[in-house]
Amino acid sequence: MLTQIYNARILTPQGWLKGGSVLIRDHKILEVSNCDLPIVGATLIDAKGMYIVPGGVEIHCHGGGGRDFMEGSEDAFRAAVKAHMQHGTTSIFPTLSSSTMPMIYAAAETTEKLMAELNSPVLGLHLEGHYFNMKMAGGQMPENIKNPDPNEYIPLLENTHCIKRWDAAPELPGAMQFAKYITSKGIVASAGHTQAEFEDISTGFQAGFTHATHFYNAMPGFHKRSGYKYEGTVESIYLIDDMTVEVVADGIHVPPTILRLVYRAKGVERTALITDALACAASDSQEAFDPRVIIEDGVCKLADRSALAGSIATMDRLIRTIVQKAEIPLQDACRMCSETPARIMGVLDRKGTLEKGKDADIIALDDDLNVRAVWAMGELVEGTNKL
């Protein structure tokens with residue numbers, strides 16, 4: 001079946017195409033064209049002049065719709081993924097906070113089952129921890145945090161195939177060996193929940209730590225120690241040109257002024273936008289999976305208010321925040337939600353841009369940047385037909 005989305009402002013890798021069409025067949029983009037004439041025999045969708053942009057690629061998300069990926073169950077995964085898809089996410093790497101090995105194995109089993117399904121939005125598992133600096137635990141569960149342990153991670157990676165990213169603190173004993181091992185398996189190594197200074201970040205980058213977890217959060221900036229000044233993790237990452245970053249673009253985890261700074265310094269191609277969403281995102285629920293967490297001022301915090309613990313953001317909120325509060329062009333906001341995360345995770349060959357031959361993952365946005373329709377692999381996502 002041929003589907004034509006026409007009368008649209010389409011974001012292509014070359015820029016905006018005004019008054020164009022996207023043709024979809026067999027879950028793929030057949031063509032992106034400046035021809036706006038309806039095609040006889042096609043299922044016609046009038047975009048009414050709205051923005052048509054690539055579907056969001058979510059690389060750091062803990063849950064949604066009232067469910068958390070740490071639950072490990074198929075039911076929890078499906079509910080959380082569905083909730084985020086209704087807000088513009090069309091591909092997702094479910095994230096586990098620092099977990100026990102049984103929890104990781106359970107989530108890996110579910111992830112592999114979902115990945116095996118035809119046209120699945122689930123592309124792999126992301127482990128945020130548990131090899132973190134205890135002093136920078138933030139909202140992580142401290143009882144699960146430890147130094148990298150090859151007796152854990154080697155058997156895990158020998159017996160599973162779905163883990164695509166793993167975060168750790170580069171300064172920990174064994175972290176360099178950990179990074180070299182996981183990157184040899186094609187897994188993205190990301191620096192996070194860390195007190196690393198420049199030498200740690202520089203050495204870590206050479207060992208494989210090429211990405212930074214929720215940049216600016218759970219990492220120090222410029223600081224003094226015994227009267228002397230030291231670069232923090234933040235400045236060290238800025239100094240590694242090829243190191244990519246992700247930012248929680250809810251306007252709270254990182255203020256709009258700093259979002260603009262990251263954009264200027266790292267650029268579109270090295271900055272990804274993430275939700276870092278917890279179970280209460282895309283939900284009427286006011287409870288998080290972690291009983292230590294409360295929702296206040298539009299963000300998740302530890303109950304003692306000592307640290308932020310995650311967000312309640314969705315993909316569409318990221319776009320609105322970046323454009324309306326950080327004053328970054330819509331074209332670049334969308335690229336940081338789709339193209340850049342797809343590149344970081346090695347799926348840009350099929351995701352992240354609207355091009356012939358790629359998966360038909362598409363969002364329709366109105367002038368206020370509200371989601372009016374979402375197509376994942378060419379299929380309209382339930383509950384999003386508002387054209």
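In this predicted model, the charged end of Arg9 is placed over the ring of Tyr51, at 4.0 Å from the ring's centre. A like arrangement involves Arg225, whose charged end sits over the ring of Tyr230, 3.8 Å from its centre.

**Aromatic pairs**

Twelve aromatic pairs are found in the structure. A pair of aromatic rings is described by the distance of the centres and the angle of the planes, and the table gives these values for two of the pairs.

| Pair | Centre to centre | Angle between planes | Kind |
|---|---|---|---|
| Tyr153 and Trp166 | 6.5 Å | 80° | edge-to-face |
| Phe215 and Tyr238 | 5.2 Å | 80° | edge-to-face |

The pair of Tyr153 and Trp166 links distant parts of the chain, since Tyr153 belongs to helix 3 (residues 150-159) and Trp166 to strand 11 (residues 163-168), with the two residues 13 apart. Is Tyr153 buried or exposed? With a relative accessibility of 3%, which is under the 20% limit, Tyr153 counts as buried, and Trp166 is likewise buried, its relative accessible area being 0%. Both residues also belong to a cluster in which ring pairs link Tyr131, Tyr153, Trp166, Phe178 and Tyr181.

In the other tabulated pair, Phe215 lies in the loop between strand 13 (209-212) and strand 14 (223-225), while Tyr238 is in helix 6 (residues 233-239), so the pair ties together parts that are 23 residues apart in sequence. Phe215 has a relative accessibility of 0% and therefore counts as buried.

**Nonpolar cores**

Which residues have the most contacts inside the largest nonpolar core? They are Ile163, Trp166 and Phe215, in a core of 81 residues, to which helix 4 (residues 175-184) gives the largest share, six residues. When neighbours within four places in sequence are left aside, Ile163 is in contact with Leu125, Leu127, Leu156, Leu157 and Ile187. There is also a second, separate core, which has 16 residues and includes Ile10, Ala47, Leu354 and Ile362.

**Strand 9 and its partners**

Why is strand 9 (residues 89-96) described as largely enclosed by the rest of the structure? The reason is that eight of its eight residues are buried. Strand 6 (residues 56-61) runs parallel to strand 9 and is joined to it by four bridges, and Val57 stands opposite Ser91 of strand 9. Strand 9 also pairs with strand 10 (residues 125-131), again in the parallel sense, over two bridges, and here Leu96 is found opposite Leu127 of strand 10. Leu127 is also one of the residues in contact with Ile163.

Terms used:
Residues numbered from 1 in each chain as written. Predicted model: local features only at pLDDT ≥ 70, side-chain atom pairs only at ≥ 80, totals over all residues. Heavy atoms only, no water. Core = buried A, V, L, I, M, F, W, Y, C linked by side-chain atoms within 4.5 Å. Buried < 20%, exposed > 50% of the residue type's maximum accessible area, 1.4 Å probe, protein only. Contact = heavy atoms within 4.5 Å. Phe/Tyr/Trp six-rings, centres within 6.5 Å; stacked < 30°, edge-to-face > 60°. Lys NZ or Arg CZ within 6 Å of the ring centre and 35° of its normal. Pairing = 2+ DSSP bridges.
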